[in-house]
Amino acid sequence: MKKMIALALTILMLCAALTGCGQNGNPPAGSGSAAPGASGDSSGSGSSSSSGGEAETLTVWCWDESFNIAAMRTAEKYYREAGHENFTLNIVNTIEEDVQTKLSTAFSAKVTEELPDIVLMGDSWANMYLTNFPGCYMDLTDEIDFTEFAPYKVSCFTVDGRVYGIPFDSGSAGLFYRTDILEEAGFKSEDLENATWWDILEMGKVIREKTGKYALTFDPSAGCAFTWYDSMMQASGEWFYDASDPEEKTDFANNAVVRELSELLKEFWNNDLVFRTDTRDSSGIGAIQNGDVAFVLNAIWYSPSIMAAADAAGKWSYTNIPTLTTVETDRHSNIGGSSWVILDACQNKELALDFMKTIWAGNTEFYDDILLGQSAVATWLPATTSEVYNTPVEYFSGKPLYADFASWGQYIPSVEYGTNTWTVNNAISACLMDYFDGNVDLDGLMANLQSTYDTMK
């Protein structure tokens with residue numbers, strides 16, 4: 001984190017030298033210049049209607065035009081219909097990494113005038129920012145009924161008993177699979193019930209031999225930790241470290257999840273059962289859509305990427321995630337997901353709060369809309385009882401895809417991600433391939449992970 005802040009300050013000083021912009025000082029809550037595109041007059045904000053032609057504008061930073069941005073556009077429409085006819089969102093498409101860099105730069109230097117009103121934060125890195133930049137986010141604890149949200153999501157944005165984020169999309173995870181590939185290899189869906197990951201490994205060997213298809217897709221140097229290690233750690237109900245420890249010390253040598261999962265993935269890799277690219281890359285998505293891969297471990301938000309291949313309709317199904325064998329793991333876990341925060345320095349806090357409460361924590365029709373439009377499964381529990389959620393999805397063998405994944409969300413073990421989740425992920429990405437190649441044994445991998453993590457954090 002210290003390195004990240006130092007880098008952010010360097011970036012800021014360079015920008016100041018080149019442009020001569022910016023001024024020091026953190027303005028009091030609700031004061032300061034409006035963010036680019038935001039209304040310069042905060043009067044009339046809040047729960048009152050925007051009657052009389054008075055403009056109401058909020059600026060939002062988020063990424064992904066087809067998912068997060070599209071959902072925000074839908075929220076804008078619903079808020080207008082709720083009595084704010086002149087309401088406008090200035091949505092700035094900002095990739096996730098840039099959100100992190102810009103926030104850390106501005107908060108470190110206390111130059112917040114150009115920040116937006118609302119920011120999307122990834123669940124796994126939010127705690128790092130909430131902890132390292134206290135007082136920069138609106139405390140929502142007493143403003144929103146968080147008992148109406150999935151507990152594991154609320155915990156991601158809770159620091160010292162106070163909640164700073166409005167939960168958004170579910171990262172509820174499952175194992176998607178091609179029923180036609182399984183059948184060609186002599187398996188049935190029932191063979192996946194209560195399966196362990198080692199069972200999937202053995203099935204993968206048969207599938208490769210009989211069909212020529214791969215079992216999985218992943219890249220040990222990119223995205224592997226995010227999908228595999230994070231999800232299985234959460235399924236164990238523990239994290240890589242104790243988040244209450246100020247130093248967040250790890251003990252890789254005795255981490256049963258990391259040890260077993262590393263052995264397992266090496267077996268998949270060395271038995272040529274892996275289409276060797278990240279699931280989120282275009283080549284990985286293409287392999288899955290083309291029917292080259294039998295299984296996909298991912299969250300509900302990945303389903304649109306699968307369904308983009310119209311010719312595979314009815315050939316896909318899903319089940320709960322398999323378990324490990326050396327440590328007890330749940331069949332429910334989380335991959336990814338994000339939530340919204342309101343910045344404390346924004347001048348439109350009342351309007352931002354009312355917008356979030358009215359739509360994101362109060363409108364079931366809105367959640368129906370973004371479910372059908374973006375496959376955005378809610379973590380606001382009242383929305384998940386809608387009939388739309390129970391509609392069978394023919395693409396996935398006529399099963400109630402959204403209802404199932406939404407119901408699984410309430411069983412996901414809650415863990416505290418702390419501030420070094422991405423440091424762990426980066427250490428795993430840096431060290432895993434050396435183990436796959438046989439340059440180190442399992443103990444050597446654990447030692448390398450420990451050294452790399454301790455150096456990076």
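α2 (65–81) passes α13 (364–374) in a right-handed crossing. A crossing is right-handed if the near helix is turned clockwise from the far one by less than a right angle, and left-handed if anticlockwise. The helices (H or I, at least four residues) are DSSP runs, numbered from the N terminus. This is a predicted model, in which local features need pLDDT of at least 70 and side-chain atom pairs count only at pLDDT 80 or more, while totals for chains, interfaces and linings use all residues. Residues are numbered from 1 along each chain as its sequence is written, and side-chain values use heavy atoms, with hydrogens and water left out.

Two packed helices are described by the angle between their axes and the distance between the axes. The axes of α2 and α13 come within 10 Å and cross at roughly 145°. Axes are lines fitted to C-alpha atoms, for helices over the stretch in contact, with angles from 0 to 180 degrees between N-to-C directions. Contact means heavy atoms within 4.5 Å. From α2, the residues include Phe-67, Ala-70, Thr-74 and Tyr-78; among those they meet in α13 are Phe-366, Asp-369 and Ile-370. By class, this contact has seven nonpolar, three polar and three charged residues. Ala, Val, Leu, Ile, Met, Phe, Trp, Tyr, Cys and Pro count as nonpolar, Asp, Glu, Lys and Arg as charged, and the others, Gly among them, as polar.

Now turn to α15 (421–436). Its axis and that of α16 (442–456) come within 9 Å and cross at roughly 145°. This crossing is right-handed. Val-424, Ile-428 and Leu-432 are among the α15 residues in the contact, and α16 brings residues including Leu-445, Leu-449 and Tyr-453. The contact has eleven nonpolar, four polar and one charged residues.

α15 also gives the most to the lining of the largest pocket, with five residues. A pocket is an open set of points on a 1 Å grid where a 1.4 Å probe fits, with protein on both sides within 12 Å along at least five of seven lines; lining residues have an atom within 4 Å of a point. About 1200 Å³ of space lies in the pocket. Of its 39 lining residues, Glu-96, Glu-97, Phe-226, Arg-280 and Trp-422 lie nearest its centre. The lining has 14 nonpolar, 17 polar and eight charged residues.

Mean pLDDT (the predictor's confidence in each residue, from 0 to 100) is 88 for the chain. Over residues 1–51 pLDDT stays under 50.

How values were computed
Grid points are joined across faces, edges and corners, and a volume is the space filled by probe spheres set on the points. Helices (H or I, at least four residues) and strands (E, at least two) are DSSP runs, numbered from the N terminus.
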